[in-house]
Amino acid sequence: MDRISEASCAAYRHTVREDPRFVPYFRQATPELELGLLNIGSRPAKRNPKGGVESLRAIPWTFAWAQSRMHLSAWLGVETLGKSEEDKRILAEMYNEWPCEFIHSIFTQEGFHEIISLISMLVSKTDFSITKNYDDRLVDPDLMSLGNEIRNKLVETRQAVIDVSGTKDISGPHIQLMRASSTIRNPYVDR
């Protein structure tokens with residue numbers, strides 16, 4: 001678990017903190033700056049108005065990615081799961097079989113299973129056409145390669161979740177709820 005956690009954290013930090021293209025891309029590909037102008041909640045969107053991504057509070061960070069249908073804050077780093085056949089086997093075993101005493105209390109069998117299920121749900125809510133549309137309309141051409149790299153990591157994340165869970169469809173059992181929600185919502189947003 002420690003090795004997997006370290007790899008996931010390193011992949012996340014590499015993209016978000018070490019890639020010099022990330023902050024300009026984030027600011028162009030999401031409505032982060034516009035969200036900062038809204039008077040939502042009791043705190044400002046940033047801890048330090050002049051700071052970068054690290055100064056953002058959790059809600060604007062997550063909401064900005066949700067608006068662009070990328071949900072990056074929920075899955076980035078997960079693409080590192082199961083890079084080897086041995087890792088895939090161990091993670092599938094954790095997902096299906098590990099009793100509670102083998103792992104830390106937050107990763108009980110149900111807890112690890114639930115985490116993978118939540119990631120699956122969030123990944124199924126991503127929408128390549130919307131994120132690509134944001135890029136095509138708003139992102140400088142020299143930053144578009146990062147958007148493509150992030151979408152490729154999303155594809156890897158989907159495959160990692162499928163490999164760990166053994167499912168054939170990333171949408172999982174929550175697809176019926178998503179369809180019902182879309183049926184109710186679409187007449188209002190399609191006007």
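Analyst: A helix here is a DSSP run of H or I with at least four residues, numbered from the N terminus. In this predicted model, Trp 61 and Trp 65 both sit in helix 4, four residues apart, which is about one turn of the helix.

User: How many aromatic pairs are there?

Analyst: The count comes to six. One of them joins Phe 22 and Trp 65, with 6.1 Å centre to centre and 35 degrees between the planes.

User: How do you know whether Phe 22 and Trp 65 are buried or exposed?

Analyst: Buried means under 20% relative accessible area. Phe 22 has 0%, so it counts as buried, and Trp 65 has 1%, so Trp 65 is buried too.

User: How do helix 2 and helix 4 meet, and which residues make the contact?

Analyst: Their axes come within 10 Å and cross at roughly 65 degrees. Helix 2 brings Phe 22, Tyr 25 and Phe 26, while helix 4 brings Trp 61, Ala 64 and Trp 65. That's six nonpolar residues, no polar and no charged.

User: Why do Glu 156 and Lys 83 count as a salt bridge?

Analyst: The cut-off is 4 Å between nitrogen and carboxyl oxygen, and their closest N and O atoms are 3.3 Å apart, so they qualify. Glu 156 lies in helix 9 and Lys 83 in the loop between helix 5 and helix 6, so the bridge ties together parts that are 73 residues apart in sequence.

User: Why is Glu 156 called partly exposed, but Lys 83 exposed?

Analyst: Exposed means over 50%, and buried under 20%. Glu 156 has 36%, in between, so it is partly exposed. Lys 83 has 57%, so it counts as exposed.

Key: Residues numbered from 1 in each chain as written. Predicted model: local features only at pLDDT ≥ 70, side-chain atom pairs only at ≥ 80, totals over all residues. Heavy atoms only, no water. Phe/Tyr/Trp six-rings, centres within 6.5 Å; stacked < 30°, edge-to-face > 60°. Buried < 20%, exposed > 50% of the residue type's maximum accessible area, 1.4 Å probe, protein only. Helix = DSSP H or I, 4+ residues; strand = E, 2+ residues; numbered from the N terminus. Axes fitted to C-alpha atoms, helices over the stretch in contact; angles between N-to-C directions. Contact = heavy atoms within 4.5 Å. Nonpolar A, V, L, I, M, F, W, Y, C, P; charged D, E, K, R; others polar. Salt bridge = Lys/Arg side-chain N within 4 Å of Asp/Glu carboxyl O.
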